[in-house]
Protein chains: 2
Amino acid sequence: MTSDTMVGMARWQPDARARLEAAALELFHERGFEQTTVTEIAARAGLDKRTFYRLFGDKREALFSGGKLLEDVLVKAVAETDAAPFETVIAAFHQVANEIFADRLDLVRMRQSIIEGSPELQERELRKTGSLAAAVTAALREKGVGETTATLATESGVTVFRAAFARWVAPGCDASLADLIAEMAAELRAVTSAPAVPAPNAATPT
Amino acid sequence: MTSDTMVGMARWQPDARARLEAAALELFHERGFEQTTVTEIAARAGLDKRTFYRLFGDKREALFSGGKLLEDVLVKAVAETDAAPFETVIAAFHQVANEIFADRLDLVRMRQSIIEGSPELQERELRKTGSLAAAVTAALREKGVGETTATLATESGVTVFRAAFARWVAPGCDASLADLIAEMAAELRAVTSAPAVPAPNAATPT
DNA sequence: GGACTGATGTCATCTTGCGACATCACCGTA
DNA sequence: TACGGTGATGTCGCAAGATGACATCAGTCC
């Protein structure tokens, strides 16, 4: 390869990013994240290692490109919803569930199994969730919500979504993500309220 | 150093770990996390790079050694408290605030400023928080609490603690961490409940 | 056609993280 | 005292991650 006639090639690849993402997903799935080198990803995409690092900050980023879309949808939904802060966040996640995740269970499960197999990837996902939360909190504050309230509403909403998501991707789950979100929101309300009674049992402690 | 008379030295350093942690904290503070190499940390501690990696999984771990103690205190407090799940978790964090953090504001602030200066360290902290939460959830389940309830109570408690902690380490804060936890817990209750009233304003939305 | 811009490939380098091996201190035992 | 085992450490080497510097080529504008 690299015959002397095409030493420093350059023909632009408009889909270079997409090809690298696909190659990374494949290889991570085939042999695991840590067992895959950036050089291999680039090779499968027909590109150079250096090109990979120009398009992605590091190896993990190839798995987290959808985050931008998710954040946009979430922020837009928050901005357009007119309700109490926590309800607004829940509604936004509800919309995300319908618009983005609804018909991609298989892909989501595959991605999730890859992430669960690598602590490094789990860290990155946590960070992505964190910046997502920051964006939602900012969107809430944009609507006049106080900082503390915005933070707590966002974090509670994220907790609800995470719990719902975990159930949704679990094997043998046939409920819709949207329904699970509603269910988890109700549960969270039950858990955090009722500090007085000895045995609250507000909902179904399962 | 390493005169030819002491080529492969070995005299055991009982405080090697502590010295490396101190050296790492100093260097991270002096010139930042990414600008510090493991070789430099080891050199300042009078040890070899290889020894660092035998005591710490990676460069970041030198900053997160206190996590074990924190988890132990938290789990023990959860096990010994007899109250509703969410109240139990809040009480446990309350205890942590008094036993571990109370009289170390300066050290905590320094550590926090280092972490905030590096995305890598933020990721690791998120992961640590995650496993801490898992331990608390497990402790809750040990007491017979259902999985969903345990997860939501834990996550809500972590949210409260994080919000309180963020205020506590912020410059110009003179409240105690314990008081802030109580305050944030009340705020979270207000935020997650009351879906009906237009303007709840349960506490001080700031 | 010629200069300019931008994406890419190549080369070099540093750092992380770890395996393999030798070395030395310490400890128990004869 | 001598001897052997155990364990912590230092040295060497290396794969992979990540990045800077530079050359090369395609397409575009003048």
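User: Buried denotes under 20% relative accessible area, exposed over 50% and partly exposed in between (1.4 Å probe, protein chains only). Which residues are buried in helix 9 of chain B?

Analyst: This is a predicted model, in which local features need pLDDT of at least 70, side-chain atom pairs count only at pLDDT 80 or more, and totals for chains, interfaces and linings use all residues. Residues are numbered from 1 along each chain as its sequence is written, chains are lettered from A in the order in which they are written, and side-chain values use heavy atoms, without hydrogens and water. In helix 9 of chain B, the buried residues include B:L180, B:I181, B:M184, B:L188 and B:V191. Their cover includes helix 5 (85-101), helix 8 (147-169) and helix 9 (177-192) of chain A, together with helix 5 and helix 8 of chain B.

User: Why is the pair A:E123 and B:R60 called a salt bridge?

Analyst: The term requires a side-chain nitrogen of Lys or Arg within 4 Å of a carboxyl oxygen of Asp or Glu. The closest N and O atoms of A:E123 and B:R60 are 2.7 Å apart, so the pair qualifies. Across the interface of chain B and chain A, the rule finds 8 salt bridges.

User: What makes up the contact between chain B and chain A?

Analyst: With contact meaning heavy atoms within 4.5 Å, 29 residues of chain B are in contact with 30 residues of chain A.

User: How much area do chain B and chain A bury between them?

Analyst: Buried area is the accessible area (1.4 Å probe) that two parts lose on being put together, summed over both. For chain B and chain A this is about 2900 Å², 60% of it on carbon and sulfur atoms. On the chain B side, B:E123, B:L152 and B:T192 lose the most area to chain A, together 23% of what that side buries.

Definitions and conventions: Helices (H or I, at least four residues) and strands (E, at least two) are DSSP runs, numbered from the N terminus.
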